Amino acid sequence: MKSKKRLIFWICIAVASVCAGYASYYFSSKQNNEKVYSEMQQEVSQSIEKAAVSSPAASESAPAGAVIPVDFDSLQAQNPDIYAWLYIPGTEISYPVVQHPSDNSHYLNYTIDGTYGYPGSIYTENYNAKDFQDFNTVIYGHNMNDGSMFGSLDEYKDESYLQANSQLIIYLPDRMLTYRIFAGVVFDDRHLLLAYPLTDPESCRSYLDALGSVRDINSHLDTSVPVDEHSRLVTLSTCLNTKANARFLVTAVLTGEEMADGR
Amino acid sequence: MADNRRKILTILLAAACITAAIIAGLLLSADRKRSIDAASGSAAVSASSSGESDMDYRHITYHGTNYTYNSSLKTILFLGIDKTGDMVSQDYPGYGGQADTILALILNQDDSTLKILGIPRDTMTTIDIYDQNNRWYASENAQITLQYAYGDGASRSCWLMKNTVSRLLLSMPVSASVSLNMDGLDTIIDKIGGVTITMPEDYTYIDPSYVSGASVTLDGKAAEAFVRYRDTSVPGSSLPRLDRQSVFVKAFLAQLKKANYSSSQIDQMINLAGDSMYTDMDAESLRSLYSYSISGDMITLPGEMIQGETYDEYHVSSDALQSEIIRLFYKADD
């Protein structure tokens, strides 16, 4: 009788310690994985600050072109799939963008340095060209609890936040693309690029109509921003912890394109 | 004694271990759940979708302030149906009629107050078009009154109206509905011995005795004229009528409350009205409306009446609607 109790006791201890061990492994590995990004972010944000200080003076003397604050050579040495940098001034969002050549779901589960698990990567699928010339480039990212990756997109449910943080920048090795965020919309989980094929102008039109027809307390679309099927859009897509089978989409339209300094 | 103590100690330790294990498990699953079906369309695993309802509207941020949906609210849709009156459009399939009066009764079950939100019949919004086999055909921007016609004039029409009104109100839940057409109105008003209205303003264009401040008891026919009268040659004439309709509904509710009808008497009235009335509420829940007192005047959906090519169009002001909805349905977090 007594030994039985003792056995149960030790089993409990064992189960608890395995759980605790796994939990601490899980959290520490996630934290480690996120470190990859914060190191890259630091470098880029320093260059952005530097560029901000030096560029006004430079632009007065000569139209020098955009300063690209991202060292793509060194990033691509780490992972050749890195092809762009996404930056939303005033927010936490400043991430390298990747695209896997064949496996579209790869970067859902893999961090930029090839580690399996959260937080994954900020990525596009190969339905999109990598030059951001498509009508709509869809960028995916996890909605992380700690606000990293696309975890802070939830803020765009507040229209005043959308208005205050409406600039979005894509850096490519040879150019800087400036976008205006005009919509934050709770949408269903249909695959956007299959549902609205890029090759069909009518389906581009219906994507815009679909965004505009959502009526929801958390969805906003600024109709004063001119957008049509000839526009070039970026749509950021993440999941919602409050609604099943739904995605939160933040959509921006291209407003400026500037070639890089010296190109 | 020592043995007992040991026992207790063992149990306590075991309990602590189990608790630790459970907490670790919960932490992990919560973290997982949040991010698992994050992103992609093609590869997304909708692991957490089972049985999870839509809670997205419950907690919101508006102009930097956090708000929570007031969960003691219940919204009931009251519809007045006109089968013969001024139709907005000829190309509608149903003979169910149109919803001429659309009032959202917002019940606060906490303090037993009721607010009336009036939705103009000409409100332009997305309505769902169905074919004759009730298959969804398209969505179209049109007068909300038409949505009713794409149903059967009873349960299906009411269901469509509930969905469309909910969508119009930025997905606020609409839980029940009552619809009544003119025949039903006549019947019920005569049955309860008329409705006494104190005229809040001058309505002598309907009847010379309807001067402001006069207390008049309307029988079924007079009640019908009171809620129905509208000079269709005057653009936007459905708006003052909506005000009048809310005056009528208030007086009607007050009359029911005063008479304090039992559930079985309410059931009799529903039976008497027959096809002229539809509700998805039972007599007991209808009766519970007595306990509410109406607070304030009717609130009209914010917007502006615009003269369309052939018919009036009421265009909702989306900014004003959003702040009105926050005011009506939400509480600021502390």
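## Briefing on chains A and B

Just after helix α2(B), Leu170(B) adopts a positive phi of about 55°. The structure is a predicted model. It scores ipTM 0.77 and pTM 0.80.

**Confidence**

- Chain A has a mean pLDDT of 89, with 94% of its residues at 70 or more.
- In chain A, pLDDT is below 50 over residues 57–61, a stretch with two contacts in the model beyond near neighbours in sequence.
- Chain B averages a pLDDT of 84, and 80% of the residues score at least 70.
- Residues 31–53 of chain B stay under 50 in pLDDT, yet the model gives them 53 contacts beyond four places in sequence.
- Residues 85–91 of chain B also have pLDDT below 50, and there the model shows 10 contacts beyond near neighbours in sequence.

**Chain A overall**

- Six helices and nine strands make up the secondary structure of chain A.
- The C-alpha trace of chain A spans about 85 × 40 × 35 Å along its principal axes.
- Chain A has 263 residues, of which 41% count as buried.
- Among contacts in chain A with a separation of 6 or more, 65% link residues 24 or more positions apart.

**Helix α2 of chain B**

- Helix α2(B) covers residues 155–168.
- The buried residues of α2(B) include Leu160(B), Met161(B), Val165(B) and Leu168(B).
- Lys162(B) and Arg167(B) are also among the buried residues of this helix.

**The α3–α6 pair of chain B**

- The axes of α3(B) (residues 182–191) and α6(B) (residues 263–273) come within 9 Å and cross at roughly 140°.
- The crossing of α3(B) past α6(B) is right-handed.
- On the α3(B) side, Gly184(B), Thr187(B), Ile188(B) and Lys191(B) make the contact.
- Met269(B), Leu272(B) and Ala273(B) contribute from α6(B).
- By class, four of the contact residues are nonpolar, two polar and one charged.

- Val247(B) sits in helix α5(B), residues 238–259.
- Val247(B) counts as buried because it has 20 C-beta neighbours inside 10 Å, and 20 or more is the cut-off.
- Setting aside neighbours within four places in sequence, Val247(B) is in contact with Ile197(B) and Pro200(B).
- The C-alpha atoms of Val247(B) and Asn134(B) are separated by 36 Å, and the two residues are 113 apart along the chain.
- Asn260(B) lies in the loop between α5 and α6 of chain B.
- Phi of Asn260(B) is positive, near 50°, in a residue other than glycine.
- Asn260(B) counts as exposed because it has 9 C-beta neighbours inside 10 Å.

**Backbone features in chain A**

- Tyr118(A) and Pro119(A) are joined by a cis peptide bond, with omega about 5°.
- Pro119(A) is in the loop between α3 (106–109) and β3 (122–124) of chain A.
- Met149(A), a residue other than glycine, has a positive phi near 50°.
- The loop between β4 (136–140) and α4 (159–164) of chain A holds Met149(A).
- Met149(A) counts as buried because it has 26 C-beta neighbours inside 10 Å.

Methods: Residues numbered from 1 in each chain as written. Chains lettered and ligands numbered in written order. Predicted model: local features only at pLDDT ≥ 70, side-chain atom pairs only at ≥ 80, totals over all residues. Helix = DSSP H or I, 4+ residues; strand = E, 2+ residues; numbered from the N terminus. Buried ≥ 20, exposed ≤ 12 C-beta atoms within 10 Å, placed from the backbone. Contact = placed C-beta atoms within 7 Å. Expected span 1.5 Å × (residues − 1). Axes fitted to C-alpha atoms, helices over the stretch in contact; angles between N-to-C directions. Left-handed = near helix turned anticlockwise from the far one by under 90°. Nonpolar A, V, L, I, M, F, W, Y, C, P; charged D, E, K, R; others polar. pLDDT = per-residue confidence, 0-100.
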